[in-house]
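Biologist: I am new to this structure and would like a close look at a single part. Please take me through the sheet, and then place it in its surroundings.

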Amino acid sequence: MENQQITDALQAQFGADAVYGVTESHGILQFTTGVDNIVPMLHFLYAHPEFKFQFLTDLAGIHFPDAKGQELGVIYHVHSLENNVRLMIKAYAPIDAPHFPTITGLYAAANWMEREAFDFYGILFDGHPNLTRILNMDEMDYHPMRKEYPLEDATRHDKIDELFGR
Amino acid sequence: MSNSTVQVAEAPPGVEGAGFFATSLDNLVGLARANSLWPLPFATSCCGIEFMSTMASHYDIGRFGAERLSFSARQADVLMVMGTISKKMAPVVKQVYLQMAEPRWVLSVGACACSGGIFDTYSVLQGIDRIIPVDVYVPGCPPRPEQILDGFMQIQELAKNESTRRRNEPEYKALLASYGIE
């Protein structure tokens, strides 16, 4: 099973525009797709008689503040255990309306991962059964991994910029 | 017992005579408290490992009358907070402190518990003194067992020397009120 086979099959199924930005890193195929394609694509890869991408290794959010209109991204890592082939799919949405469809219907493991991406990036997974914060305290009123927020704790007063050469 | 190397705690200053010894109640209570402090270890990370060493036979915190670790807050005298306290953990620390009966002392062990340490970040409480009053700070990352014992001995000094009624004083009440306790 070659990486080219996978892209060919996906482009045949979803159209040539659905798979773009195709690269390969450490032998792992990576590509970007539209938000609308994510769920049918993962279902297709899961059910495909040869590919059998039936294990969701990871699901993570990401924030690119300079990419206007597609600031927030979700990255899906899937693994075909039978073929020992991995695959990385990316999709982006604007920060004003960061809506992604949930993939919990296919992978139950996505439940907590999507909650984590919501917690840290404010990505909204439509259809998620329980989209609440998972790691940060419930009272937190922002999504701390977004780049516009400082990494350092805002309540700390003893750190004087001068002492840190800033 | 003439060849024993065990040292008994020194008696407080007082008047001694044949068959009697007179001292102030404060001194007597302080002596008793200081030499039977029951610590409640609240260990969340690497400082907790140092505490295990402090507690075990080599450093033996039992030499200071603290061999009885109290995992129930109700019976504990010293809350030893060792390790990074995240903001999500903060209400738990506070609740444990509230469950302790007076007199109670707090020993903050390690840079993280004292000030947040290297974790100057959105998820970590920047020092437990933001939620509960702290009596003794032990700096270090992590501190050696000797340092933890030194901090513990400072707590003993507090227990020995403070008035038995200190906890009723307006300053102490104001301190607790500043933390929103009682």
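Modeller: The model is predicted. In chain A, five strands form an open sheet with mixed pairing, in the order 1-2-5-4-3. Strand 1 (20-25) and strand 3 (55-63) of chain A are at the edges; each has a single partner strand, so one side of each has no neighbour in the sheet. From one strand to the next, the twist averages 15°.

Within this sheet, strand 4 (residues 72-80) and strand 5 (residues 85-93) of chain A are paired in the antiparallel sense, over nine bridges. H77(A), for instance, has M88(A) in strand 5 of chain A as its bridge partner. Helix 3 (residues 110-121) of chain A packs on the sheet, where it touches strand 3 and strand 4 of chain A. The direction of helix 3 of chain A makes about 10° with that of strand 3 of chain A.

Now the cores. The largest nonpolar core has 37 residues, and those touching the most other members are V78(B), L79(B), M80(B), V81(B), L107(B) and V109(B). Strand 4 of chain B gives the largest share of this core, five residues. Leaving aside residues up to four places away in sequence, M80(B) touches P39(B), L40(B), P41(B), F42(B), F51(B), L107(B) and V109(B). A second, separate core of 31 residues includes V19(A), M41(A), L87(A) and I89(A).

Last, the two chains meet in a contact that takes nine residues from chain A and nine residues from chain B. On the chain B side, two of these residues are nonpolar, four polar and three charged.

Terms used: Residues numbered from 1 in each chain as written. Chains lettered and ligands numbered in written order. Predicted model: local features only at pLDDT ≥ 70, side-chain atom pairs only at ≥ 80, totals over all residues. Contact = placed C-beta atoms within 7 Å. Nonpolar A, V, L, I, M, F, W, Y, C, P; charged D, E, K, R; others polar. Core = buried A, V, L, I, M, F, W, Y, C linked by C-beta atoms within 7 Å. Buried ≥ 20, exposed ≤ 12 C-beta atoms within 10 Å, placed from the backbone. Helix = DSSP H or I, 4+ residues; strand = E, 2+ residues; numbered from the N terminus. Pairing = 2+ DSSP bridges. Axes fitted to C-alpha atoms, helices over the stretch in contact; angles between N-to-C directions.
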